Amino acid sequence: MKSRLNRRNFLNYSLGASIALNAGLNATIWAATPFSAFAQESLMSKTPAPTPAKIPHTVEQLGVTRVDDYFWMKDDNWQAVLRDPAAIKADVKDQLIKENAYTTALLKPTEGLQTTIFEEIKGRIKEDDSSVPAPDGGWEYYVRYNVGGQHPINARKPRGKAKISTETVPFKGIPAGEQILLDEDAAAKGQEYYATATTTHSPDHKLYAWAEDTQGSEVYKIHVKDLATGKILGTPVESATGDFLFTPDSQHIFWTLRDDNGRPSKLFRRPARGGEDVLVYEEKDPGFFMGVGLTSDEAYILITSNDHETSEYQLIPAHAPATAPIMVETRKTGVQYSLDHWDDRFVILTNADEAVDFKIMTSTYPVPSRVTWKPWIAHRPGIYVTGFGLFKGFMVRTERENANSRIVITKKADLSEHEIAVKEEAYALGLGGSLEYDTTVMRYTYTSPTTPAQTFDYDMQTQKRVLRKTQVVPSGHTPTDYVARRLYAKAPDGAEVPVTVLMKKDTKLDGSAPLLLYGYGSYGYAMDPTFSVSTLSLVNRGWIYAIAHIRGGTEKGYGWFLDGRKFKKKNTFTDFIASAEHLIANGYGAKGRIVAQGGSAGGMLMGAIANLRPDLWGGVIGQVPFVDVLNTMSDTSLPLTPPEWPEWGNPIEDKAAYDYIASYSPYDNVTKQAYPPVLATGGLSDPRVTYWEPMKWASKLREYTTSGSPILLKINMEAGHGGASGRFDRLKETALNYAFAIWALDKGWTKPA
């Protein structure tokens, strides 16, 4: 769903962009290392692959019969497993242990390489990094890491006098007057997994609240702390989604429940300092997600309901939080809108009236129903309005055109506009926002495949910007050593697919370089061309790294998304294949020397392209891959099934949807052919792509492949959809993926000692 840009949700984003993913370069350059250097002794012949039981399970659906031999891998008690992974069935657990042991055994010769890659990536991260402090009232809020720390420390310090600091780094050492709000490293001690969702202070700066998940299932507890005494107030909120807010008077919190099916189904209100929960709203449609927000001027609490193509908003006056919700505009299939309040008017972003790439409307009515909307920024085909944020005197909107982003500032007084300009060929701009509404200063980030992230404070009135932070790369990084290019591949139907390429400046374009091609292409998510600490470990070894901006994303507008979903989903797969063929034709790679990588819905892409063109790939990495599409979209008990029917179709009721999904669902279309080496990964407590999807896929691939290439499965028994929670533990998973890529292209499993 399209949405406004929340001012209070950017601290973790800005730190995550600059610390968790991005940094610099280790100067050690590895040519594609001959794998014989790892002295492997024909491990496939010595280490037999697991052979899971085949128990035929017959499914009758819409007049079609199918047999699933690995249906038993789904735990009937999966809801309990999400909350307590120890509850998993013994036979499933035993099989997963065998799979993990097999993967560990086959990749054992790469352990030294994994360690080397891990240390390289870690060396590109400033371990004691911190976000640029965000002013709010008498305080500046920030997050920072200790050296060696896996999780951030949320803190604040007294506000400085300068309106915009001229520091190029947030601060050195621990700031004077620091107050720690939440030490996540300390909270994670003794936990196999620890992650937070929303973390925020109350508007009066007296309370601090956070939502924490200790098993990766995205079932959160919300705690509220008194900052004067340090005491936790009341009992924690249980079974929450992690989505909550304080009311502007700091007296209440609104929070959303995650029900037994993993869906946000109810909104509650409770006193911020502890007390009884009061039901505010219940979403009865299992196909709709529900959330809560606050307008930028803090005039209204917003209740949002949406699926992947339809949205609906309700309002509660923030000064009277016990008021019954007021409907703005009832849901109408295919119509999306989001809104914010700008003191004397509502601002609405919508695709109504066939505005495919969205337009902006306004309303001065107290209830801004659709009949009251007045045109403001017209729909411009090909210029996709991705969101907006409001300040007292300015509006900031973000747009995307031809796989690049831009930021446009509008002055409220006269509606004049200006744009933040960027010169690079491929780049990404991110709107950081502000914790304050009545300010002329907004924050944004800039990065590109060759340029470490930069954080700017920008005065919207004077149009002057100050560089607040440049991403520190402890091991050194010289952008001019690298080249980033934007290519365009022609799809079978003539569409031009953008492809972003990163390589060393001296890499030869003669097809000899190994290539990793990454893709996603679902839900309208755009894969921005950002600087990555991880990919440099391949590029520095002579690899070329490429991102295919395929249909199903919104890189070329919302229509680019619509042309890659539902009955046009196969465009996503053929776009990816066309990107690979274009890269081959232009010397960026060679057939059989490309490793394809994607995660979640991008993992479905991996399964589809492995079925369609196994000859192109030297290896396939499917991270938490959504590959059992037909079975999952036919199971209404799973968390995301009803909400995702608009994305994929409903195979329970719609025969055309059944037939189309059945024609590409990766698991259902595995056939006897020569598959490349495959690494499938998953998390035992993943509520989005359940563990049995990669488990079933790997088992069927191993049964059917004629190539003799290894099919590996790695399930994290202590994590969910996002993998390990600690910043360094995540890097180990990345190092495993890249070591597998090198091993796969060098056919490491065939090497004698």
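Predicted model: local features only at pLDDT ≥ 70, side-chain atom pairs only at ≥ 80, totals over all residues.

Modeller: Residues are numbered from 1 along each chain as its sequence is written, and side-chain values use heavy atoms, with hydrogens and water left out.

Colleague: Why is Glu436 called buried?

Modeller: Buried means under 20% relative accessible area, exposed over 50%, and partly exposed in between (1.4 Å probe, protein chains only). Glu436 has a relative accessible area of 16%, so Glu436 is buried.

Colleague: What makes Arg159 partly exposed?

Modeller: The relative accessible area of Arg159 is 33%, so Arg159 counts as partly exposed.

Colleague: How do you know that Arg159 forms a salt bridge with Glu436?

Modeller: A salt bridge requires a side-chain nitrogen of Lys or Arg within 4 Å of a carboxyl oxygen of Asp or Glu. The closest N and O atoms of Arg159 and Glu436 are 2.8 Å apart, and the pair forms a salt bridge. Arg159 and Glu436 lie in two loops, so the pair ties together parts that are 277 residues apart in sequence.

Colleague: What makes Glu401 and Arg406 a salt bridge?

Modeller: Their closest N and O atoms are 3.1 Å apart, and a salt bridge is formed. Arg406 is buried, at 16% relative accessibility, whereas Glu401 is partly exposed, at 35%.

Note on methods. Helix = DSSP H or I, 4+ residues; strand = E, 2+ residues; numbered from the N terminus.
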